[in-house]
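Hi there,

Here is the model I promised to pass on to you. Have a look at it first, and my notes follow below.

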Amino acid sequence: MTDFDPVQLRRLDPTLLLVLDEALKHRRLTLVAERLGLTPSAISHALGRLRDIYGDPLFLRRAGGIEPTPVALALAGPVRAALEALAATIGTARGFDPRTAQRVFRVAAFDNTVSVIGPRLVAGLAAEAPGLGLAFLSFGRARAVRALLEGEVDLMIGLASHDPGRLICRVLFHEGYVLAARHGHPAFADGPPDLATYTALAHILVSAAGDLAGTIDEELAERGLSRRVVAAVPHFMGALAVVADSDLVATLPKRVARRHAARFGVALCPPPLPLAGYDLGIMRRAASAPDPGLDWLEARIDAAISSAPDPSPGPDR
């Protein structure tokens, strides 16, 4: 372990680290003051002390906010790790009691996951842990990974990302697909469509980035095939709503489709070709300190998944 200078370290109290961490994340000092419950003058004073300690301006004023210098950006990871280590000492000493804990958990997840685990998870937290809050945020995959690594969210639930140097990933379950169309769709009059009909139909897909191609299109391309994607929406509920009131079809994850098909008035059937599906994983920062609170939340998520309706009740149509 590297020795440190206690005299120098005494100058760097946790409040300064919190100010630096929040300023790096939000880039607006008024918002930093609001989040930390400090006055703007206190934030300005803290930044002055940080500039003196590190011998660098750290932030430059720009229209609408501040811009971190290269030195400040280099400090982002170590400062976040230091704050997590400090927080872990409190959790280790006190343990985690959901009945008395006061905390907000932030989880990056798409609405298909939220719609499946959310009802039981939120109800369970309200009953077991009245002082806890749970906020779901919806990002594209790359943005979600960045939010997780930067500490903007505590957990990420989505396509399993195995990155041992940065992420700890645990697979929750394997997800497959079903094809959704409105009741009475002419292409389904004689039963589920064949492959030629499927690729010729007008498709809608779910893409947070607004792309008109996704993992299914990649699988089709590997077979020398393509489909006609005419629209993209950022959420699965939006895709089901469009399918219910149009002749567009959607190839959707089984759990969300089967949970909401009756509510939207859509019919489901297997796709006309085998699709690999994907592993849904729950991810944490590899560099984060032990966190009994997150361990408890993960256990509640596992319980919510295991108590969700069976996604394979039999033939879809």
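One term before anything else: a nonpolar core here is a set of buried Ala, Val, Leu, Ile, Met, Phe, Trp, Tyr and Cys residues joined through side-chain atoms within 4.5 Å. Buried means under 20% relative accessible area, with a 1.4 Å probe and protein chains only.

Please keep in mind that this is a predicted model, so local features need pLDDT of at least 70, side-chain atom pairs count only at pLDDT 80 or more, and totals for chains, interfaces and linings use all residues. Residues are numbered from 1 along each chain as its sequence is written, and side-chain values use heavy atoms, with hydrogens and water left out.

**The cores**

The largest nonpolar core has 36 residues, and I117, I157, L297 and I301 touch the most other members. Elements that each supply at least two of its residues include β3 (103-108), α6 (111-128), β5 (155-159) and α12 (292-306). The largest share, six residues, comes from α12. L297 is in contact (heavy atoms within 4.5 Å) with F105, V107, L121 and L155, leaving aside residues up to four places away in sequence. There is also a second, separate core of 21 residues, with L17, L20, L50 and I66 among them. In soluble globular proteins, nonpolar side chains tend to be buried together.

**The chain as a whole**

Helices (H or I, at least four residues) and strands (E, at least two) are DSSP runs, numbered from the N terminus; the chain has twelve helices and twelve strands. Its C-alpha atoms fill a box of roughly 80 × 45 × 35 Å along the principal axes. Of the 317 residues, 43% are buried. Looking at contacts between residues at least 6 apart in sequence, 75% join residues at least 24 apart.

**Two residues to look at**

Is L248 buried or exposed? L248 counts as buried because its relative accessible area is 18%. This leucine sits in the loop between α10 (236-244) and β10 (250-253). Not counting residues up to four places away in sequence, L248 touches A202, H203, I204, V230, A231, V242 and V243.

R80 belongs to helix α5 (residues 70-94). R80 is also buried, at 15% relative accessibility. Setting aside residues up to four places away in sequence, R80 touches D21, K25, E150 and G151.

Happy browsing!

Key
Buried < 20%, exposed > 50% of the residue type's maximum accessible area, 1.4 Å probe, protein only.
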